[in-house]
Amino acid sequence: PDWRYVAAATWDKARPNLLLIDADHGRLIRAVKTERFLTALAWSPDGRTLVTAGASGSLKAWDAEALLK
C-alpha cells in the first residue's frame, strides 16, 4: 500500500515461494517457504497484513511487520 515493498509468489515447492522485495532497491528482504502452491497475494489497505491464497483454496493472513523483520 505504501509502495515500499513488493510481494511475489512462485510455484516452486523446492524453494521459498513467498518473496518480499524492497521496491526501491530491488533487494530481497525475506523469502518464506510455504507448504502449498500460492496463487494470489493481497496487502490489506493499512499494509499490516499480507494475505496469500493457495491452489487448494486456502487463505493465510500474515503479519507483515513480522515478515519484514
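**Pocket, sheet and salt bridges**

Mentor: The residues lining the largest pocket split into six nonpolar, one polar and six charged. Here Ala, Val, Leu, Ile, Met, Phe, Trp, Tyr, Cys and Pro count as nonpolar, Asp, Glu, Lys and Arg as charged, and the others, Gly among them, as polar. Keep in mind that this is a predicted model: local features need pLDDT of at least 70, side-chain atom pairs count only at pLDDT 80 or more, and totals for chains, interfaces and linings use all residues. Residues are numbered from 1 along each chain as its sequence is written, and side-chain values use heavy atoms, with hydrogens and water left out.

Trainee: How much space lies in the largest pocket?
Mentor: About 210 Å³. A pocket is an open set of points on a 1 Å grid where a 1.4 Å probe fits, with protein on both sides within 12 Å along at least five of seven lines; lining residues have an atom within 4 Å of a point.

Trainee: How many bridges join β1 to β2?
Mentor: Five, and the two strands run antiparallel, with β2 covering residues 18-22. Ala7 stands opposite Leu20 in β2.

Trainee: And salt bridges, how many in the whole structure?
Mentor: Three. The cut-off is a side-chain nitrogen of Lys or Arg within 4 Å of a carboxyl oxygen of Asp or Glu. Asp12 bridges to Arg15 at 3.5 Å between the closest N and O atoms. Arg27 and Asp22 form another, at 3.8 Å. Lys69 and Glu65 meet at 4.0 Å, N to O.

Trainee: Is Asp22 buried or exposed?
Mentor: Buried, at 11% relative accessible area. Buried means under 20%, exposed over 50%, partly exposed in between, with a 1.4 Å probe and protein chains only. Its partner Arg27 is partly exposed at 49%.

Trainee: What about Lys69?
Mentor: Lys69 is exposed at 72%, and Glu65 is exposed at 56%.

Note on methods. Pairing = 2+ DSSP bridges. Helix = DSSP H or I, 4+ residues; strand = E, 2+ residues; numbered from the N terminus. Points joined across faces, edges and corners; volume = space filled by probe spheres on them.
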